[in-house]
Every structure is written in C-alpha cells, then in structure tokens.
Amino acid sequence: MNYVLIFIGAAIVNNFVLSYFLGICPFLGVSTDLKKAMGMGLAVIFVMMIAAATTWPVYHKILVPYKVQYLEYVAFILVIASSVQFVEMFLRKYVPPLYSGLGIYLPLITTNCAILGMTLFMVIRDYSFLEGLVFAFGAGSGFLLALFIMAGIRERLNAADIPKPFNGAGIALIIAGCLALVFMGFSGMMR
Amino acid sequence: MCVWFKRQFQRGSFLGCWVNEIVFAPLFLAIYGGIFSLFLAISYFLLRTKADPKVDVVEKILPGLNCGACGYASCHAYAKALVYEDAPLGRCAPGGAAAAELIGKLLSKSGKVDKVVAVVKCAGGSKKKFEYSGISSCSAARLVYSGPLVCEWGCLGFGDCVRVCPFNAIFIKDGVAVVDSSKCTGCGLCVEVCPQKIIELIPAKQRFFVACSNHGKTEVRQYCKNGCFACGICVSPRFNPDGIAEMKENLPVILRDKVADAAQLAKAGEKCPVNAWKEISG
C-alpha cells in the first residue's frame, strides 16, 4: 500500500512538473508533438530510475558514513551524469534499437532539475531503496503524463486561431498554468 | 579500505596530516570524481563501438543541416541508411544531385539519381459549397464540412504547402497550388502537409501527371470543369498501346515501371476531354 501511495503521490498529487514546477524546460521544449513527448517521457522514466538506483547507495553508503551530506548536490549530479553516460554507451553497444529511440533524449535530461529534485526528495523523505525506486518511477510517469497532456493540447493548438501576441511560448505558458491549476485540485487528496 | 579512510578522518588526520572539513570536502570530491572518471574512461574503451568509416565519409558529403527532408532524423541517420539499408540516393534535397552523385560513386550504387518533383493533382475549377471566411489555412478550412469545395479532392488554395516549402517552389495561381518544378527539390514536405493528400512526388523525367484526384464518375461534370470523370479514353488501347496507365477507382493511374518515355504519356493524355493530363512546368 505504501508503494502505491508513493507512486500516486509522485505521479499525480505532487506531479513534478505541474505541482513542483520542476523540469519545465523539457516540458515546454519537447511538447510540440506526441511522438517526441513519448520518447522524452520514457527517457525521463528511465533516467529517474537510474538516478534513484545510484544516488541511494551513494548517499547512504558513502555520504552518510563520512558525514559529508552537505556534498549531496555535487555528488548526486556526478553520479547521475556518469551513470547515464555509462548506460548510453552500454545501450549503443548492446541494444542499438533502444539507443536510437532514447539516445537523443538521454543527454538532454541527465542533470535536469526534475531528476536532481527527485533524488533530493528521496533523501529528505528518507525512503528505503525500493521506495526510492517506486518514487522515481512515479515521478517519471507523472512527467510523461504531463508532457503527453501538453503535447496533445499543443497539437490541437496548431489549427487554432491564436491572437498574435500569444502565439508560441505565450500560449504554451498559459496552458501550462491552467494545467497546473487543474493538478492543484489533487493536492487535497494526500499529504 | 573504506574503514581505514573513515578512521583516519575521525581522528582528524589523513595519512598523518591534520585534516579538517574544509580540506576534506575537496579531497573527498577529488577522489569521488576521480573514481567516476576512471570508471567512465575504462567503460569507454570497453564499450567502444567501431564506427564504420564509410558512414563518416558519407555524412561528410551530406550538408549536415539535419533538415529531415530525406525522411530520416538526421544527416547521420540518412548516411547510415545509405550504407546499411540501401536507402534511395538523392533524397537529400539541400545536397542535390552533386552530393547524390558523389555518394553514388563512393558506395558504387548503380542506378541514376532520379530527380523527383512534387505535383498538385488538381487543376481547380470546382464549384464552391459555401464561402469560407475563417482562418486562411487548408487544414482549418477542411475541418468545416470537408472544405468549401464541392469536390472533396480539390485543392483548397489556402497555401499550407506554400508556407511549408523551404524553396519557394509552390505558388497559388487562380486559387490552386502550382509547383515550379525547376525550384522543387522533391523534399516532400508539402506532401505531408496537404490535408487533401493531393500532392504527389513523381519522377521528373516522367513529365506528365494526372491533374485530378476526384474518384467520382460522370457527376464530376456537374461541379468541376477540369475534373476527370473516368471516361477512360487515356487508357484505351488506341492511346495507350504500351499499357502505361490503367483506371483505378475512376482515375487513371500511371504505371511508373512501364513508362519508358514521356512521349507515351503525352500520347495517352492528348485526347483527354478535360485536359486532366498536365505537363510539369520548368
């Protein structure tokens, strides 16, 4: 039950994009069509899982024993970036189809604020390793969900008659705001 | 070893030297970062993929604009497809015939590069169902009762293709999009964007095409003066002795494999009562 709560909490109630406003740049940048949004969302889930799986041991097995928790930001960015780099190389060699699918998005999000934010939340909330993984999966799914909704709306916007001053980034930000308002409706569901 | 480091640090010394937190933090990060960089360096050598030099050379010949006109995600992807997947030469619009020829020589690909050009398979002339005064875009106009034309396969003339064309090869003439074949590179962006799906890429040497997409029969005459009403004279043995075209869904379809000479097509089209057979411009 705890895992389900963590998942739903991260994916919907405290959606990373629409409640915490983390990872806004890929959210606005890659939400122009559904296919790209799909690729990006899956890549985010993937990187979040890797980030959770690597930062948890780094924090609990290295930083805590040496009492250098204040180095978590640097240490996390380092471990996430290098593990993603490693996975990218690994995929390129052994799973080329997956590499060509995710490959272009992976370097874009290695040290995105949503990823780093997720790992920091995981540490602050004192999740166990498994809870951390579920949390990461939930956060990634929430990102995919937000990106997908946004991309769907923006595809329809292409045919809409938008006043000139709002065109492009303006209308995208307004929609992002409206979506965030909608997601605020979930916030009473759990703490 | 970890334990030893820990003990050293707890005693406030490291290798006998006095160490405080200010010194420890950078020291820690240096070791920590060093481990990761070493790990990455080793895995780079272990997981190195041998890039095919052929792909690199082909990629260098391509213009490197990553415009996507070839239908691949990037120049690199197209170069790879050329080398491994037998992708068609000459898809690269910016590189043009020069790049295609060079690559063809390099990969010893036989087969000449056939220039393709877009053609709009509508000559206009359909009556209107209603006056449309909404957003000036074909895709928007089409949403209203399948567009303002009686003919559902007609060019709407709001110029979605004109806007998308990077080479200014399309213009609107008398409410119908016309392709200037001398400027057209055959990138196919207009084919994608046309909501009526009436733009097609044809080999430039074929020269003739059927400028109508209406699948109706004789009723076409009631609302369009240029529409093909499937009389079939162009595919009759008299004008089409070599069988270079056949009727399919009330439209003549040119069988590209059988066309040896543009003159055959000119002959097929010469008696068309509505002049639906058109020659490309330029």
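**Helix packing and beyond**

Modeller: This is a predicted model. In chain B, helix α3 (residues 53-61) and helix α4 (residues 75-84) pack with their axes 9 Å apart, at an angle of about 125°.

Colleague: Why are α3(B) and α4(B) called oblique to each other?

Modeller: Angles over 145 degrees count as roughly antiparallel and 65 to 115 as roughly perpendicular, with the rest oblique. The angle here is about 125°, so α3(B) and α4(B) are oblique.

Colleague: Left-handed or right-handed, when α3(B) passes α4(B)?

Modeller: The crossing is right-handed.

Colleague: Which residues of α3(B) and α4(B) meet there?

Modeller: From α3(B), Lys54(B), Val55(B), Val58(B) and Glu59(B). From α4(B), Cys75(B), His76(B), Ala79(B), Lys80(B), Leu82(B) and Val83(B). By class, the contact of α3(B) with α4(B) has six nonpolar residues, one polar and three charged.

Colleague: Over to chain A. How do the axes of α8(A) and α9(A) cross?

Modeller: Helix α8 (residues 129-157) and helix α9 (residues 169-184) of chain A cross at roughly 135°, and their axes come within 11 Å. α8(A) and α9(A) are therefore oblique too. Their crossing is right-handed.

Colleague: Which residues make that contact?

Modeller: α8(A) brings Ala146(A), Ile149(A), Met150(A), Ile153(A), Arg154(A) and Leu157(A). α9(A) brings Ile171(A), Ala172(A), Ile175(A), Ala176(A) and Leu179(A).

Colleague: And how does the contact of α8(A) with α9(A) divide by class?

Modeller: Ten residues are nonpolar, none is polar and one is charged.

Colleague: New topic: strands. In what sense do β4(B) and β5(B) pair?

Modeller: Antiparallel, over four bridges. Strand β4 of chain B covers residues 170-173, and strand β5 of chain B covers 176-179.

Colleague: How many residues lie between β4(B) and β5(B)?

Modeller: Two, and the strands form a hairpin. Look at Asp174(B) in the turn: its phi is positive, about 50°.

Colleague: Now the chain contact. How many residues does the contact take from chain B and from chain A?

Modeller: Chain B gives 17 residues and chain A gives 17 residues. On the chain B side, the elements giving two or more residues are α1 (2-10), α2 (21-46) and α6 (138-143). The largest share comes from α2(B), with ten residues. By class, the chain B side has twelve nonpolar residues, four polar and one charged.

Colleague: What are the ipTM and pTM scores of the model?

Modeller: ipTM is 0.75 and pTM is 0.56.

Colleague: What's the mean pLDDT of chain B?

Modeller: It is 82, with 90% of the residues of chain B at 70 or more. Where pLDDT is low, predicted coordinates should not be read in detail.

Terms used:
Residues are numbered from 1 along each chain as its sequence is written. Chains are lettered from A and ligands numbered from 1 in the order in which they are written. This is a predicted model: local features need pLDDT of at least 70, side-chain atom pairs count only at pLDDT 80 or more; totals for chains, interfaces and linings use all residues. Two strands pair if DSSP finds at least two bridges between them. Axes are lines fitted to C-alpha atoms, for helices over the stretch in contact, and angles run from 0 to 180 degrees between N-to-C directions. Angles under 35 degrees count as roughly parallel, over 145 as roughly antiparallel, 65 to 115 as roughly perpendicular and the rest as oblique. A crossing is left-handed if the near helix is turned anticlockwise from the far one by less than a right angle, and right-handed if clockwise. Two residues are in contact if their C-beta atoms, placed from the backbone, lie within 7 Å. Ala, Val, Leu, Ile, Met, Phe, Trp, Tyr, Cys and Pro count as nonpolar, Asp, Glu, Lys and Arg as charged, and the others, Gly among them, as polar. pLDDT is the predictor's confidence in each residue, from 0 to 100.
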